[in-house]
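Subject: Structure for you to look through

Hello,

Here is the structure I said I would pass on. Please open it next to this message and follow along as you read.

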Amino acid sequence: MSAAALRAKNVFKRGFTSRAVEGFTGAVGNTPLIHIKKWSEKTGCNIVAKAEFQNPGGSVKDRAALGILRDAEERGLIKPGGTVVEGTAGNTGIGLAHVCRARGYKCVIFMPNTQSQEKIDLLRMLGAEVHPVPAVAYENPANYNHQARDYAKDLPNSIWTDQFDNTANAKAHYVTTGPEIWEQTEGKVDAFTCATGTGGTLAGVGKYLKEKSQGKTQIWLADPPGSVLHSYIQSGGKLVERSGSSITEGIGQGRITQNLGTLIKDIDNSLNIPDEDSIAMLYDLLDSEGLYLGASSALNVVAAVKLAEKLGPGHTIATILCDGAYRYQSRLFSKKWLEAKGLQDAIPAHLKKYAVLD
């Protein structure tokens, strides 16, 4: 049987990853690794992306939410019926709300009021108490993270999960996502790249792949506009004041979090990804691969393509598909929103048909 016939025969076949699992938490992880066909062919590389939108809560943050809560339980920091408090830009809160429902905790979320309405509505539907607050810099006492911390301080049997600086976040990816990528690529991964908000995914996956490959796997940080991490790496460790903004949500940073700090010295390089490239890739992936993804996922694929072009043909580059577009569709596929952001011309003419919302 020819290779083409074999592929056709196996189109609808996918092996089971396990037997029945225990509830929501048992379904987190073991996501597929998707070959990005068009851009692999264009670059001569094998570009693969972890389908984290297939986690039961719909995003990569299910892993951090579960990892942080398990760590708190193991350390005796929270008892049954307690309250879990977090400051989050969205997906970690959604993951926590799901896990809290599954494990019997109350969930309280503080978040910037710049987040999409879809995320806020979903959190409330999941039973979380949501406090949208003005988006201010981390140094400001009114920052949503500090408000979450202070709220938890005065509440009996509660924890502030502290996703940015609680290294149980990175550990969750070190013990799950990293090993999964290594196994799925059969240990043949030349580079890994993704954007970072908390730093947990990049740090956990990066640390595991560096150790397993004996330093051979390159780790590249991908950065959106308005973040300081690209300039930090390129300057050899100088932090500049954060300025500007991006259409992406939940990624980019103005400081080195403790999660990112666990890997920062071992990051090989970084890439700055303009919003124009991310939105164009978002529409391209829908058209060419049938993948309906959020902007941070699209940014990661842009970074993987740029890295493939830098490394040259024959390399395997892995990245993360953080979540789907469902939580952002009122923006990303709105003609008015695209025009307001000055992004309508970034989308190739033959792809504008997908912007169906007014």
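Helix α12 (residues 275–289) packs against helix α13 (residues 295–311) at an angle of about 100°, and their axes are 8 Å apart. Helices (H or I, at least four residues) and strands (E, at least two) are DSSP runs, numbered from the N terminus. Axes are lines fitted to C-alpha atoms, for helices over the stretch in contact, and angles run from 0 to 180 degrees between N-to-C directions. α12 and α13 are therefore roughly perpendicular to each other. Angles under 35 degrees count as roughly parallel, over 145 as roughly antiparallel, 65 to 115 as roughly perpendicular and the rest as oblique. On the α12 side the contact is made by Asp277, Ser278, Met281, Leu282 and Leu285, and on the α13 side by Ala295, Ala298, Leu299, Val301, Val302, Val305 and Lys306. Contact means heavy atoms within 4.5 Å. Sorted by class, this contact of α12 with α13 has 9 nonpolar, 1 polar and 2 charged residues. Here Ala, Val, Leu, Ile, Met, Phe, Trp, Tyr, Cys and Pro count as nonpolar, Asp, Glu, Lys and Arg as charged, and the others, Gly among them, as polar.

Before going further, note that this is a predicted model: local features need pLDDT of at least 70, side-chain atom pairs count only at pLDDT 80 or more, and totals for chains, interfaces and linings use all residues. Residues are numbered from 1 along each chain as its sequence is written, and side-chain values use heavy atoms, with hydrogens and water left out.

The residues in contact include His173, Tyr174 and Trp182 of α8 and Thr201, Val205 and Tyr208 of α9. They divide into 9 nonpolar, 7 polar and 3 charged.

His173 is found in helix α8. Is His173 buried or exposed? His173 is buried, with a relative accessible area of 1%. Buried means under 20% relative accessible area, exposed over 50%, partly exposed in between (1.4 Å probe, protein chains only). Not counting residues up to four places away in sequence, His173 touches Val60, Arg63, Gly178, Pro179, Gly200, Thr201, Gly204 and Val205. Arg63 is 110 residues from His173 along the chain, yet their C-alpha atoms are separated by 7.1 Å.

Helix α8 also lies across β1, β2 (46–51), β7 and β10, running at about 140° to β2. An open sheet of 6 strands has the order β1-β2-β10-β7-β8-β9, with mixed pairing. β1 (33–35) and β9 (269–272) stand at its edges with a single partner strand each, so one side of each is left without a neighbour in the sheet. The twist averages 25° from one strand to the next. Strands β7 (residues 191–195) and β10 (residues 316–321) run parallel and are joined by 2 bridges. Two strands pair if DSSP finds at least two bridges between them. Phe192 stands opposite Ala318 in β10.

Strand β4 (residues 106–112) has 6 of its 7 residues buried, so it is largely enclosed by the rest of the structure. Strand β3 (residues 83–87) pairs with β4 in the parallel sense over 5 bridges, and Glu86 has Ile109 in β4 as its bridge partner. β4 also runs parallel to strand β5 (residues 129–133), with 5 bridges joining them. Met111 stands opposite Pro132 in β5.

The crossing of α5 and α6 is left-handed. Asn91, Gly93, Ile94 and Ala97 in α5 meet Lys119, Leu122 and Leu123 in α6. Thr92 touches Lys61, Ala65 and Gln163, not counting residues up to four places away in sequence.

Regards

Conventions: A crossing is left-handed if the near helix is turned anticlockwise from the far one by less than a right angle, and right-handed if clockwise.
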